[in-house]
Amino acid sequence: MTDRKFPIGPFVLKDDYASAEIESFIQVIRNSASEYNKLVENLGDGDLTKIYREGSWNIRQLVHHVADIALLHYFRMKKAVTEPDYKDPTMINMDGWAVTSDSLEMPIADSLHILAGTNQRYAYFAASLDEEAFAKAYFHPLRKIWLNQKQALAMSVWHLQHHLAHIKLALGEEI
C-alpha cells in the first residue's frame, strides 16, 4: 500500500551529493514543468478538485503550491549565494497560501507558466554554482537543520517529485 502522504517517501538529507547527483537534480528541475504539464494539461474543473487522501489539498491547489515553492526555492538559493548574512530563509505559511482565492479558484495555466520559467532560471543558476557557492548554508527553521545549496537542490527535487506523485494518486495513476 502506497503511503498517500509520502508516496515517494519522506525527504532524506545526505551530508553531500556527488557531481552526477547535482547534474541529475538540475535536470529534474529543468524538466519538471513539462512533466506537470503533461499530467494536468487536459484536466477539467472537476478533475482539479480531486484529492489524493482525505483532508489533502486538491490538484488545483497542488499545482499552485508547486509554482509558489519553486519561486521560493529559487529565491532562497539566490539570496544564500549573494547575501553573506542570509542565514534564516524566507518562510511562508503554506496552509494559508493554499486557501487563498488564487489557489482555490484560479485556472492552473499561469502557475504552470510560472513553474516553467522559474525552474529554467533556477536550473541555469544552480548549474553555474561552484563548490564555494554550493557550500553556503542557511538554517531551515521548520526542519531544524542547516542546508547547503546542494542539499537545498535535493530538497527542491524531492518536493517536485513528491507533489507530482500526489497528483498521480489523485488521478488514480500508478506512482
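This is a predicted model: local features need pLDDT of at least 70, side-chain atom pairs count only at pLDDT 80 or more; totals for chains, interfaces and linings use all residues.

User: Let us begin with the helices. Why are H3 and H8 called roughly antiparallel to each other?

Analyst: Helix H8 covers residues 149–170, and its axis and that of H3 cross at roughly 175 degrees. Angles over 145 degrees count as roughly antiparallel. H3 and H8 are therefore described as roughly antiparallel to each other. The two axes come within 10 Å.

User: Which residues of H3 and H8 meet?

Analyst: On the H3 side they include Ile59, Leu62, His65, Ile69 and Arg76. On the H8 side they include Leu153, Met155, His159, His163 and Ile167. The residues of the contact of H3 with H8 divide into 13 nonpolar, seven polar and one charged.

User: Is histidine 65 buried or exposed, and how do you know?

Analyst: Histidine 65 has a relative accessible area of 6%. The cut-off for buried is under 20%, so histidine 65 is buried. Histidine 65 sits in helix H3, which spans residues 59–82. With residues up to four places away in sequence left out, histidine 65 touches Trp57, Met94, His159 and His163.

User: What makes leucine 72 a buried residue?

Analyst: The relative accessible area of leucine 72 is 10%. Since buried means under 20%, leucine 72 is classed as buried. Leucine 72 also belongs to helix H3, and touches Thr90 and Ile92 when residues up to four places away in sequence are not counted. Leucine 72 and threonine 2 are 70 residues apart in sequence, and their C-alpha atoms are 29 Å apart in space.

User: Why does lysine 150 count as buried?

Analyst: Lysine 150 has 8% relative accessibility. That value is set against the limit of under 20%, and lysine 150 therefore counts as buried. Lysine 150 is found in helix H8. Leaving aside residues up to four places away in sequence, lysine 150 touches Asp16, Tyr17, Ile22, Phe25, Glu131 and Phe134.

User: Why is glutamine 161 called partly exposed?

Analyst: Glutamine 161, which lies in helix H8, has a relative accessible area of 36%. Buried requires under 20% and exposed requires over 50%, with partly exposed in between. The value of 36% therefore makes glutamine 161 partly exposed. Not counting residues up to four places away in sequence, glutamine 161 touches Ile8 and Val28.

User: How far apart are glutamine 161 and proline 7 in sequence and in space?

Analyst: Glutamine 161 and proline 7 are 154 residues apart in sequence, while their C-alpha atoms are 9.4 Å apart in space.

User: What makes glutamate 23 an exposed residue?

Analyst: Its relative accessible area is 55%. Exposed means over 50%, so glutamate 23 is exposed. Glutamate 23 is found in helix H1, residues 19–40. The C-alpha atoms of glutamate 23 and alanine 127 are separated by 7.6 Å, although the two residues are 104 apart along the chain.

User: Let us turn to the strands. How do you know that E1 and E2 pair?

Analyst: Two strands pair if there are at least two bridges between them. Four bridges join strand E1, residues 137–140, to strand E2, residues 145–148, and the strands run antiparallel.

User: Which residues of E1 lie on its covered face, and which on its uncovered face?

Analyst: Tyr138 and His140 form the covered face of E1, whereas Ala137 and Phe139 form the uncovered one.

User: What lies between E1 and E2?

Analyst: The two strands form a hairpin with four residues between them. Lysine 144 is located in this loop. Phi of lysine 144 is near 60 degrees, a positive value in a residue other than glycine.

User: Why is lysine 144 called exposed?

Analyst: The relative accessible area of lysine 144 is 61%. Because exposed means over 50%, lysine 144 is exposed.

User: Finally, where does UniProt place a domain, and what is the helix and strand content of that span?

Analyst: The unreviewed UniProt entry places the feature "domain: DinB-like" at residues 33–167. That span is 65% helix and 6% strand, and its end C-alpha atoms lie 13 Å apart.

Methods. Residues are numbered from 1 along each chain as its sequence is written. Side-chain values use heavy atoms; hydrogens and water are left out. Buried means under 20% relative accessible area, exposed over 50%, partly exposed in between (1.4 Å probe, protein chains only). Contact means heavy atoms within 4.5 Å. UniProt positions are given in the numbering used here, feature names are shortened, and annotations may be inferred rather than shown by experiment. Axes are lines fitted to C-alpha atoms, for helices over the stretch in contact, and angles run from 0 to 180 degrees between N-to-C directions. Angles under 35 degrees count as roughly parallel, over 145 as roughly antiparallel, 65 to 115 as roughly perpendicular and the rest as oblique. Ala, Val, Leu, Ile, Met, Phe, Trp, Tyr, Cys and Pro count as nonpolar, Asp, Glu, Lys and Arg as charged, and the others, Gly among them, as polar.
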